Amino acid sequence: MTHVEDELTSQPACWTRAAEEAGRHRDALPAPGERVAVVGCGTSYFMAQSVAALREGAGQGETDAFAASEFPHGRSYDRVVALTRSGTTTEVLDLLGRLKGTGTRTTAVTADPATPVMTAADDLVVLDFADERSVVQTRFATTALTLLRAHLGLHTDSVVADARTALTTGLPRELVACTQFTFLGRGWTVGLANEAGLKMREASLSWTEAYPAMEYRHGPISITTAGRAAWMFGEAPDGLAEQVRETGGLWIGGGLDPLAELVRAQRLAVAVAAARGLDPDRPRHLTRSVILTPDAAETA
């Protein structure tokens, strides 16, 4: 079993623990009414998109999501939450350093307590039980999202039950054989769709795209045909499933909680990698953390 397989199968237990610990971290996480930005890089950025949509949808306050390198420093926030598995990513550390002493409170959610982020942020949440050996993120990202979902009062035991179902239910055989994958979301699940596409690219070198579901009709559906799949996270817009089937493409409707559907997509990435003779633990051109030299960081 690869590291990524071992880690993705442990997600139900990690989610349960994160939900149980959410109350202990209440003071480090955004309070109702705060103006908040959630930042990250790669997978963490896509989780930030989901967190921001969930928090605003819950009426907790204005919440934006940014790639750490694209943070708008001219904009005022009460708190910035940085999601960073490694605690060493250059863009995140640079951002937290620039925010020191500005009056904006910072929180880091990380997996490793022995990294520079521990002194870079004002408040800390350490999810070391969800750390990973694999370069490809699975359980840390979903566990961090579960923690924040629970903090908002939006996590239930049924989410964990759906994750177990996602791990034990077989994937459609024709899905693994597809040559192209499009992931679709609405609201908070747009971030999940983006992350599913990233997992497929990282682990299996697949041609993937991701869109808000209503945008799929505005051009992207033109690539859909036999041997290509469209996978919906959450409730689909009326008529979209039928339109995809009319193209000859494979429609996958998400019947589980959207976060559990992401677990199914992670499994698909591993399955496609195996079918293509690839090692998902060693994705091409990737490392666990992007750490730039001072010259490279300044250029970026």
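1. Arg 17 counts as partly exposed at 38% relative accessibility (buried means under 20% relative accessible area, exposed over 50%, partly exposed in between, with a 1.4 Å probe and protein chains only). The side chain of Arg 17 meets that of Glu 21 in a salt bridge of 2.9 Å, N to O (a side-chain nitrogen of Lys or Arg within 4 Å of a carboxyl oxygen of Asp or Glu). Both residues lie in helix H2 (residues 11-21), 4 residues apart (helices are DSSP runs of H or I of at least four residues, strands runs of E of at least two, numbered from the N terminus). Glu 21 is buried, at 14%.

2. This is a predicted model, in which local features need pLDDT of at least 70 and side-chain atom pairs pLDDT 80 or more, while totals for chains, interfaces and linings use all residues. Residues are numbered from 1 along each chain as its sequence is written, and side-chain values use heavy atoms, without hydrogens and water.

3. A search of the whole structure finds 13 salt bridges. One of them joins Asp 123 to Arg 105, with the closest N and O atoms 2.9 Å apart. This pair links distant parts of the chain, Asp 123 being in strand S5 and Arg 105 in strand S4, 18 residues apart. Asp 123 counts as buried at 15% relative accessibility, whereas Arg 105 is partly exposed at 39%. Through shared partners, salt bridges join Glu 34, Arg 79, Arg 105 and Asp 123 into one network.

4. Lys 100 forms a salt bridge with Asp 122, the closest N and O atoms being 3.7 Å apart. Lys 100 is partly exposed at 43% relative accessibility, and Asp 122 is partly exposed at 31%.
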